[in-house]
Amino acid sequence: MSDHTAREKTLRADDPAESASVSGDDGLFFQLFDASPFPAVVTRLADHRVLAINQRTSDVFGIGQEEAVGRHAPDYYVNPDERRRMAEQVVREGRADDFRFELRRPGGGTFWASASARRVTFGGEPAILAVFKDITAEVEAERTLKASEERLAAQSRALTTLTAEHAVSQGSFRERLRTILTLAATTLDAGRLSLWRLAEDGESIRCEGLYCLESAEFSCGGVLTRAEAPNYFTAIEQERVIAAADAHSDPRTRDFRESYLAPRGIGAMLDVPLRAADRVRGVLCAEHVGGPRAWTVDEQNFAVSAANLVVMALTEEDRLQALARLADSEARARLIVDTAHDAFIGIDTAGHIVSWNAQAEATLGWSRDEALGRDMATLVVPPAYREAHQRGMERFLASGEAPVVNRRLELTALHRAGHELPIEITITSPMPLGQGYFFGAFLRDISERLEQEAQLRAAKDSAEAATRAKSEFLASMSHELRTPLNGVLGYTQLLQRDRGLRPAQREALEAIAKCGTHLLELINDVLDLSRIEAGRVDIEATTTDLAQLLIDLKYVVADAARRKGLLLSMTIAPGVPRRVVLDGRHLRQVLLNLLGNGIKFTPQGEVRLTIETLDDTRLYFEVSDTGIGIEPGAITRIFEAFNQTRDGSAAGGTGLGLTISRHLIQTMGDQLKVESTPGRGSRFYFALPLVCANDDRSLTDEDDAGAEPSLDARLAPGQDLMALVVDDSTVNRRILARLLESAGVRVITAAGGAEALRLVGEHRPDVVFMDLRMGDLDGLEATRRIKADPLVADIPIIAVTASAFGDTREAASAAGCTDYLSKPVRAESLFAVLHTHLGVQFESEPAPGPVPEPELSDHSRRVALALRLHEAAAIGSVTDLEAMAQELAVGDPGEAGLGRQIARLAGQFDFDELRALAGRLAGDADPRR
């Protein structure tokens, strides 16, 4: 039958009362049949031949749909009887659910599936519709879990058996050793398991017993000396467990690879040193015959427990040599369990304590003599759990069920002092003992662990709450700090635009502006650690003037260098573009941190900043000093948060600067690297992608075309512009309005978003400056409503905000804002936005001409002044420069002019120009040239 013909047959339910019904045309059914994400098969009930399969089944089995029709379905079952049982249930009940099979693919390989089936009629014939899904991963997981549980159960049974046997054993040490090695080898599935005794001089070990799992033979003999395997002897003396997954390559065991491992086919070793009375007595050695093998934690723990039993057997042997015999088997059992790190309690069928080791005494407070013979439930089990304990004992005695056996449980126990303590307990399988049973349990006090976990949870919750509170606080404080700072810098810019200012007034305003700008940078810097912790560092690549950047850096750090008498040098290599595109604010922060550290840790000498290009593709920055340097062991630690060297801690600081700097450089595209020699200094360096600004110019170029409008820019003749300023802060609104008005822009203002909507409709301004955070109607919603009105939607809207985080810009862009200005608003940025988005042209007052060289007629006086000027500039002594300027101010006009020039350059920290001025004053007579 062809696939096409099969799909034309009618499929219906045999019995509507018991089977799923199918309605609609057959074509729709087969579309759904083929589109099903689960494999589905229709087979004839009479002979179990395949009538149809969907595309998913074809994919899973790797067989075409037409090719599958007519094949015998049971052939694809690893166990056909399972399929027969499902079919019988379908015939009997009309359905079968959740049957699990192992299926066979025609091309080879099997997989597990879970299937559900319904009885249907296909082309007039009784048939079975089966849908299944691949559960191979689930089955494998169940097998793995079952294997792990079986392994743990086997280990627990083995330890219980060994403990019980040792409690009653009267045999010799060799007999007990044979039992331990045999049971341990079987439990670990180790091909060879042996005991090696360490010689009294510690120079060799001798095999006292070896059990081979494959041959079931027990033997002894063989010696290994320290000279043959020095690393192995060191390991058994120093380590708790030697888990050599690959014994041929493990440095502890490879010394005897050729002499011992290879001839015997040993690939992996699990060795546990035997310690008694604080000295190594020997080693219990489990050897895997074959390739490498990874030893699990539970296998290692079992080996340690088996080794403890061997230690006790060895101890007993030593005592048997010194004494005629041990008092009784109970004493021997106590010696075994006393060496365990956990408390061990054994009880009989009546619930009376028959075993109580030393750790049980330490954990629960009762001595062994006090505990033996007492009712365990009354002595150890808290009152709230005694009834459940008693029911469990009765259930086991009645039915043999013990659901808590060989499971690690967390419960509470009763201490002698009356308080309850949390414990972790493992109850071993009950063992027949006389006319009843022996029940054993290992337990440990987990109070300290639970307390640590609680502290960790509390610390985590506290840290998360603190992070949230800090982010909210910083966002709020950023806005609150920027708002008054906007007033300070805004009105400063308004005053600076007055072209009638006297030089002294302009200098004072420049100082206010620089200080305000520095304060703004500090506010931004405070936010960076929070951003880094939250993964919200915003890289803002903008046009950055490298020459101005160096002036700003020198302005901040020069005074600190001068106070320590250090030479501060900042140079930009020839050919470096003056204006580049990068995150100037974060670059400034990194360089300030590196320069500050250099000055802090340099008692004398020089701190230098160098900027140059690498391969014309990267911009290279290096900060070097001649300071105390960094110890080699501390090179990596200095980049860790709150981690400082001893000298760093003595110098003060938080230990966050280099952490933040490294993260910022990584975010910008490189790694912050360091080289240092103690006593000679350090060198920090990194390189960033070199992207020239559109008006890229070398520092040797003097053309200033293409720069953004200057602070005192005005609209060029013939330019006309109306702007709407929206801000609910009167101060902010007035500042922005007056800046625009001072440039010749016509301005209307709105005190909120609702008023802005009305004014936009009435006046149709050329541009809107929209504050985003307002009380009545926030700027984002006002922007959305303006953009939704087709009559005014094309008006550019510039977002203005004091928000600290970069997602504000994304929100503004999503709302429809054309661009974004951060408060405090810089006049230059304001005019640049107008120029960019409206094409408005500005003009500025011509720059003042070059300052004329001072004319001093007395040549010796010129040379003397040049020497003083050169020395003061060389060490960056602003105090000496200011004193020299004041002294010259009362002299003749030539000296007064020189004094004003020195004062201006000192105020700008332009020490390079001051040294050049000294050179021009002295001419050829300058002895330092």
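How many of the protein's 929 residues count as buried? The share is 46%. Keep in mind that this is a predicted model. The chain folds into 30 helices and 33 strands. Take the contacts between residues at least 6 apart in sequence: 59% of them join residues at least 24 apart.

Start with the nonpolar interior. In soluble globular proteins, nonpolar side chains tend to be buried together. The largest nonpolar core here has 61 residues. Six of its members touch the most others: Leu-591, Leu-619, Phe-684, Phe-686, Leu-869 and Ile-902. Look at Leu-591 as an example. Leaving aside residues up to four places away in sequence, Leu-591 touches Leu-549, Leu-553, Leu-609, Phe-621, Val-623 and Phe-686. There is also a second, separate core, made of 35 residues. Leu-181, Ala-307, Val-311 and Ala-313 are among them.

Helix α19 covers residues 584–600. From first C-alpha to last, its 17 residues reach 24 Å. That is close to the 24 Å expected at 1.5 Å a residue. Is α19 mostly covered or mostly open? It is mostly covered, with 14 of its 17 residues buried.

Next comes a sheet. Strands of a sheet pair through backbone hydrogen bonds, either parallel or antiparallel. This open sheet has 5 strands, in the order β21-β23-β24-β26-β25, and its pairing is mixed. Its edges are β21 (567–572) and β25 (673–677). Each of these has a single partner strand, so one side of each is left without a neighbour in the sheet. From one strand to the next, the twist averages 15°.

Strand β24 takes in residues 618–625, and strand β26 takes in residues 681–689. The two pair in the antiparallel sense over 7 bridges. Glu-622 has Tyr-685 in β26 as its bridge partner.

Which way do its strands pair, and in what order do they stand? The pairing is parallel, and the 5 strands stand in the order β29-β28-β30-β31-β32. Its edge strands are β29 (746–750) and β32 (819–822). Again each edge strand has a single partner, so one side of each has no neighbour in the sheet. The twist in this sheet averages 20° from one strand to the next.

Within it, strand β30 (residues 767–771) runs parallel to strand β31 (residues 797–801), joined by 4 bridges. Phe-769 has Ile-798 in β31 as its bridge partner. Two helices pack here. Helix α22 (residues 730–742) lies across β28 (722–726), β29, β30 and β31, and runs at about 170° to β29. Helix α23 (residues 753–763) touches β28, β29 and β30. The direction of α23 makes about 145° with that of β29.

Hairpins give another view of strand pairing. Strands β2 (residues 40–44) and β3 (residues 50–53) run antiparallel, joined by 3 bridges. Thr-43 stands opposite Val-50 in β3. The hairpin has 5 residues between its strands. In the turn, His-48 has a positive phi of about 65°.

Compare the hairpin of β14 (residues 343–347) and β15 (residues 353–356). These strands pair in the antiparallel sense over 3 bridges. Ile-347 has Ile-353 in β15 as its bridge partner. Between the strands lie 5 residues, and Gly-351 takes a positive phi near 90°.

Finally, check the cysteines. A disulfide is a covalent bond between the sulfur atoms of two cysteines. Counting one requires two cysteine sulfur atoms within 2.5 Å. The count in this model comes to 0 disulfides. Cys-212 is in none, and its nearest cysteine sulfur, in Cys-207, is 9.3 Å away. Cys-212 is buried, with a relative accessible area of 18%. What of Cys-285? Its closest cysteine sulfur is also in Cys-207, 8.9 Å away, which is too far for a bond. Cys-285 counts as buried, at 2% relative accessibility.

Notes. Residues are numbered from 1 along each chain as its sequence is written. This is a predicted model: local features need pLDDT of at least 70, side-chain atom pairs count only at pLDDT 80 or more; totals for chains, interfaces and linings use all residues. Side-chain values use heavy atoms; hydrogens and water are left out. A nonpolar core is a set of buried Ala, Val, Leu, Ile, Met, Phe, Trp, Tyr and Cys residues joined through side-chain atoms within 4.5 Å. Buried means under 20% relative accessible area, exposed over 50%, partly exposed in between (1.4 Å probe, protein chains only). Contact means heavy atoms within 4.5 Å. Two strands pair if DSSP finds at least two bridges between them. Axes are lines fitted to C-alpha atoms, for helices over the stretch in contact, and angles run from 0 to 180 degrees between N-to-C directions. The expected span of a helix is 1.5 Å times one less than its number of residues.
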